Amino acid sequence: GYGLLYLTDAMLKRNGMDIKGKTVLVSGSGNVAIYATEKAQQLGAKVVTVSDSTGWVYDPDGIDVAALKEIKEVKRARLTEYKNYRPNSEYHEGRGVWTVKADIALPCATQNELNLDDAKALVANGITAVAEGANMPTTAEATEYLQENNVLFAPGKAANAGGVATSALEMSQNSERLSWSFEKVDSMLKDIMVNLFNNIDNAATKYGFEGNYVVGANIAGFEKVVDAMNAQGIV
């Protein structure tokens, strides 16, 4: 969740924008969604939605992360309870997160949760950026529509890399018999995600697809594999 926001922030800055003051839609209410919401609000954005398998919450004052953690991590309850903590919020059954007017959308729930109709609703409401926090949450048709309408789009293979990156940092600590502070790991994660964005941005620009971060991520990933194969003398 933190990594998702670090990459999203880097993408916005590259395009002359700032996440501070932006309104954000988050789907899901698991690990990625909770901590994406937390980091987004630490960076000065306002997250107004979260969801689970039965419905979704709209909180115009910004999602209360402490309440969300208690409901989902402590009580293991449904989001229907959120209104007990925030009487000014709204709970809706079923789908609907992507119908709310906002600046940034972060699908963090499940595969194919953001379809073409959802993409059209986001564009109609003036969305400027979408970054995937789940595995393939945006359908191919929705991705194409968002890109055709000049929405910045960060694919999950890049934006959702924070979990794997942090696992690698854990492995490094284990191998060296070290224990790093939360702040050090967080700082290293931020550097990894910013560098990752720069790599996909540079790859897209190098091959004539500036601003297309799906193509940039595909090329950057392919080149990394090719370089490793060459280094091993396979190619």
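**Close-up views of a predicted model**

**View 1. Contacts of Leu-68 in the predicted model.** Apart from residues within four places of it in sequence, Leu-68 is in contact with Ser-29, Ile-34, Val-50, Ile-63, Glu-73 and Leu-79. The model shown here and in the views that follow is predicted. Leu-68 belongs to helix H3, which covers residues 65–74. Its relative accessibility is 0%, so Leu-68 counts as buried, the limit being under 20%. Val-235 lies 167 residues from Leu-68 along the chain, and the C-alpha atoms of the two are separated by 50 Å.

**View 2. Pairing of strands S1 and S5.** In general, strands of a sheet pair through backbone hydrogen bonds, in either a parallel or an antiparallel way. Strand S1 (residues 23–27) and strand S5 (residues 104–107) run parallel and are joined by 4 bridges. Opposite Ser-27 stands Pro-107 in S5.

**View 3. Surroundings of Thr-143.** Helix H6 (residues 140–148) contains Thr-143. The relative accessible area of Thr-143 is 11%, which is under 20%, so this residue is buried. Residues up to four places away in sequence not being counted, Thr-143 touches Thr-138, Phe-153 and Val-214.

**View 4. The largest pocket and its lining.** Empty space is shown by rolling a probe the size of a water molecule over the atoms. The largest pocket holds about 360 Å³ of space. It is lined by 17 residues, and the closest to its centre are Gly-1, Tyr-2, Gly-3, Thr-166 and Leu-189. Two or more lining residues come from each of helix H1 (2–14), helix H2 (31–42), helix H8 (162–176) and helix H9 (182–206). H9 gives the most to the lining, with 4 residues. Sorted by class, the lining of the largest pocket has 9 nonpolar, 7 polar and 1 charged residues.

Terms used: Residues are numbered from 1 along each chain as its sequence is written. This is a predicted model: local features need pLDDT of at least 70, side-chain atom pairs count only at pLDDT 80 or more; totals for chains, interfaces and linings use all residues. Side-chain values use heavy atoms; hydrogens and water are left out. Two strands pair if DSSP finds at least two bridges between them. On a 1 Å grid over the protein atoms alone, a cavity is a set of points where a 1.4 Å probe fits but cannot get out, and a pocket is an open set with protein on both sides within 12 Å along at least five of seven lines; lining residues have an atom within 4 Å of a point. Grid points are joined across faces, edges and corners, and a volume is the space filled by probe spheres set on the points. Ala, Val, Leu, Ile, Met, Phe, Trp, Tyr, Cys and Pro count as nonpolar, Asp, Glu, Lys and Arg as charged, and the others, Gly among them, as polar. Buried means under 20% relative accessible area, exposed over 50%, partly exposed in between (1.4 Å probe, protein chains only). Contact means heavy atoms within 4.5 Å.
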